[in-house]
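Reader: I'm new to this one. Can you show me the structure and take my questions as they come?

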Amino acid sequence: MRITTTIFNNVYLGISIGGYHIIIDSLLEEMDTKTGVDFFADKVALKSLVDKVIYTGEIDEFFDYKYGQLEYRSLKFEHKLYTIQSYQGNAS
């Protein structure tokens with residue numbers, strides 16, 4: 001699969017041609033899928049229908065918060081206004 005991007009001039013870095021949905025569509029091509037399903041509302045019945053489940057929700061919830069809530073959802077955003085023309089520059 002060839003990868004390209006509009007940010008960098010590098011064949012190996014960036015977003016795949018056509019977007020990420022092309023990759024996902026290819027992975028799921030031969031599978032029956034359901035979306036918008038609350039896995040935990042009927043976990044036993046859903047797992048009995050198939051050999052494998054691809055779960056795309058919160059991983060700490062999947063493991064019943066065994067190690068607590070993961071910190072990645074506790075981001076703290078700080079906003080600063082700089083009065084200079086270019087603080088971080090750009091990619092080239």
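Reader: Is tyrosine 55 buried, exposed or partly exposed?
Author: Tyrosine 55 counts as partly exposed because its relative accessibility is 23%. Buried means under 20% relative accessible area, exposed means over 50%, and partly exposed is in between, with a 1.4 Å probe and protein chains only. This is a predicted model: local features need pLDDT of at least 70, side-chain atom pairs count only at pLDDT 80 or more, and totals for chains, interfaces and linings use all residues. Residues are numbered from 1 along each chain as its sequence is written, and side-chain values use heavy atoms, without hydrogens or water.

Reader: How many aromatic pairs are there?
Author: The count is 6. Rings of Phe, Tyr and Trp (its six-membered ring) pair if their centres lie within 6.5 Å; planes under 30 degrees apart are stacked, over 60 edge-to-face, the rest tilted.
Author: Phenylalanine 39 and phenylalanine 40 make an edge-to-face pair, 5.3 Å centre to centre with 80 degrees between the planes.

Reader: And how exposed are those two, phenylalanine 39 and phenylalanine 40?
Author: Phenylalanine 39 is buried at 9% relative accessible area. Phenylalanine 40 is partly exposed at 28%.

Reader: What kind of pair do phenylalanine 39 and tyrosine 55 form?
Author: A tilted one, 5.6 Å centre to centre and 55 degrees between the planes. Phenylalanine 39 sits in the loop between α1 and α2, and tyrosine 55 in the loop between α2 and α3 (59-62), so the pair ties together parts 16 residues apart in sequence.

Reader: Which residues form the aromatic cluster?
Author: Phe39, Phe40, Tyr55, Phe62 and Phe63 form one cluster.

Reader: New topic. How much space lies in the largest pocket?
Author: About 820 Å³. On a 1 Å grid over the protein atoms alone, a pocket is an open set of points where a 1.4 Å probe fits, with protein on both sides within 12 Å along at least five of seven lines; lining residues have an atom within 4 Å of a point. The volume is the space filled by probe spheres set on the points, which are joined across faces, edges and corners.

Reader: Which residues are closest to its centre?
Author: Of the 22 lining residues, Asp32, Thr33, Lys34, Val53 and Ile54 are the closest. The elements giving two or more residues to the lining are α1 (20-27) and α2 (43-49).

Reader: Last one. How many helices and strands does the chain have?
Author: There are 3 helices and 2 strands, in the order β-β-α-α-α from the N terminus. These are DSSP runs numbered from the N terminus: helices are H or I, at least four residues, and strands are E, at least two.
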